[in-house]
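Okay, thanks for coming, everyone. Let me put the model up and we'll walk through it together.

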Amino acid sequence: MIYPEWLKSVHHNGSEAYLSNNRPKLGECVHMRLRTNKDAPLQQIVLRTAPNGEQQFTTMVRAELHGNVQWWAADIQVKQPVLNYRFGLQAEEGVWWMNAAGLSISEPFEI
């Protein structure tokens with residue numbers, strides 16, 4: 001599969017730059033961020049989690065803009081000991097999913 005060039009700018013990891021707390025306690029809120037190029041043709045980004053086995057979609061908002069970098073952000077309350085999540089990136093040309101394993105055109109399994 002050939003991905004659009006702008007997808008190379010999408011990045012997230014478990015560092016302080018992307019997670020306000022990478023070892024939260026149950027009930028705490030975590031501020032999550034995703035980085036893209038400012039010119040990425042994104043219509044929407046959703047953060048998909050599955051607290052207690054039920055899907056939950058949180059719309060991310062455009063946050064800071066630093067030069068060529070657009071930050072997206074959302075707050076998630078931790079409701080279970082392990083919080084699996086992925087990002088759904090919607091653009092005019094399609095929807096892509098990103099998790100720890102990378103990008104996919106279809107929603108990936110839990111990682």
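This is a predicted model: local features need pLDDT of at least 70, side-chain atom pairs count only at pLDDT 80 or more; totals for chains, interfaces and linings use all residues.

Residues are numbered from 1 along each chain as its sequence is written, and side-chain values use heavy atoms, with hydrogens and water left out.

So, how many aromatic pairs does the structure hold? Three. Trp 6 and Trp 96 have ring centres 5.7 Å apart and planes at 90°, so they count as edge-to-face. By pair I mean Phe, Tyr or Trp rings (six-membered ring for Trp) with centres within 6.5 Å; planes under 30 degrees apart are stacked, over 60 edge-to-face, the rest tilted. Trp 6 sits in the segment before β1 (29-37) and Trp 96 in strand β7 (residues 94-99), 90 residues apart. Strands here are DSSP E runs of at least two residues, numbered from the N terminus. Trp 6 is buried at 13% relative accessibility, and Trp 96 is buried at 3%; buried means under 20% relative accessible area with a 1.4 Å probe, protein chains only.

Next, Tyr 18 and Trp 71 make a tilted pair, 5.2 Å centre to centre with 50° between the planes. Tyr 18 is in the segment before β1, Trp 71 in strand β5 (residues 69-77), 53 residues apart. Both are buried.

Now the arginines. The charged end of Arg 33 sits over the Trp 71 ring, 3.7 Å from its centre (CZ of Arg or NZ of Lys within 6 Å of the centre and within 35 degrees of the ring normal). Arg 48, in strand β2 (residues 42-49), is buried at 8% relative accessibility.

Terms used. Helices (H or I, at least four residues) and strands (E, at least two) are DSSP runs, numbered from the N terminus. Buried means under 20% relative accessible area, exposed over 50%, partly exposed in between (1.4 Å probe, protein chains only).
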